Amino acid sequence: GDSVTQMEGPVTLSEEAFLTINCTYTATGYPSLFWYVQYPGEGLQLLLKATKADDKGSNKGFEATYRKETTSFHLEKGSVQVSDSAVYFCALTSGYSSASKIIFGSGTRLSIRP
Amino acid sequence: NAGVTQTPKFQVLKTGQSMTLQCAQDMNHEYMSWYRQDPGMGLRLIHYSVGAGITDQGEVPNGYNVSRSTTEDFPLRLLSAAPSQTSVYFCASSYSGEGLGGYTFGSGTRLTVV
């Protein structure tokens, strides 16, 4: 079945460091890929998405490129801030009907030191 | 503000008690779903609905019931609470199951079963 694998956390970085959180997927068909972010005590929020190969999603300085050849969707940010501390989830949906479901990775906790 | 509203935010139950977690959305989304979030396991789908009157099981449905009598509401019922159901529960909605417009999550219900 379809699945998403993320790098295990926690990831701890200093402010202004470069961030990469790895995500790879297994899916039949042509999935859409997402990154969601969960701040402490809150629900998940959509951060960015890409719906076809070579698409780049971007938002709030974060980027991720849909790489079909490596089945990856790594999240990057050039200079992280303390406010980026959160849990990040990679996810995919596949299927062509309204019964398709979103599948989440296990999440990566990111902590940024001032 | 438009969004997904979950109540209650916190709940403590004794083993064997029953309760209903409420979820309501005002975005006219057809697709609604319930997840549980446990440490190190990401989000797991409990039940979902593709429209009023239609529900289906997700990955971990045992011990939970749902119904969808209106587009707006999607309550989750715990029939006889068990300590294994201690978790954080999230309700989410989307225009469609593919979630291309993003899933909107509620802020969660933290449930403890003693």
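Trainee: Why is the disulfide of C23(B) and C91(B) left-handed?

Mentor: This is a predicted model, in which local features need pLDDT of at least 70, side-chain atom pairs count only at pLDDT 80 or more, and totals for chains, interfaces and linings use all residues. Residues are numbered from 1 along each chain as its sequence is written, chains are lettered from A and ligands numbered from 1 in the order in which they are written, and side-chain values use heavy atoms, with hydrogens and water left out. C23(B) and C91(B) are joined by a disulfide (a pair of cysteine sulfur atoms within 2.5 Å), with an S to S distance of 1.9 Å. The link is left-handed because the torsion about its S-S bond is about -70 degrees.

Trainee: How many residues apart in sequence are the parts that C23(B) and C91(B) tie together?

Mentor: Strands here are DSSP runs of E with at least two residues, helices are runs of H or I with at least four residues, and both are numbered from the N terminus. C23(B) lies in strand 3 (residues 19-25) of chain B, while C91(B) lies in strand 9 (residues 87-94) of chain B, so the parts tied together are apart in sequence by 68 residues.

Trainee: Is C91(B) buried or exposed?

Mentor: A residue is buried under 20% relative accessible area, exposed over 50%, and partly exposed in between, using a 1.4 Å probe and protein chains only. C23(B), at 1% relative accessibility, counts as buried. C91(B) has a relative accessibility of 0%, and therefore counts as buried.

Trainee: Which residue does a disulfide join to C23(A)?

Mentor: The search of the whole structure finds 2 disulfides over all chains, and one of them, with an S to S distance of 2.0 Å, belongs to chain A. It links distant parts of the chain, 67 residues apart, with C23(A) in strand 4 (residues 23-26) and its partner in strand 10 (residues 86-93) of chain A. Both cysteines are buried, and the residue joined to C23(A) is C90(A).

Trainee: What is the radius of gyration of chain B?

Mentor: The secondary structure of chain B comes to 0 helices and 11 strands. The radius of gyration is taken over C-alpha atoms, and the globule rule is 2.2 Å times the number of residues to the power 0.38. For 114 residues that rule gives 13 Å, and chain B is close to it, so it is as compact as a globular protein of that length, with a radius of gyration of 13 Å.
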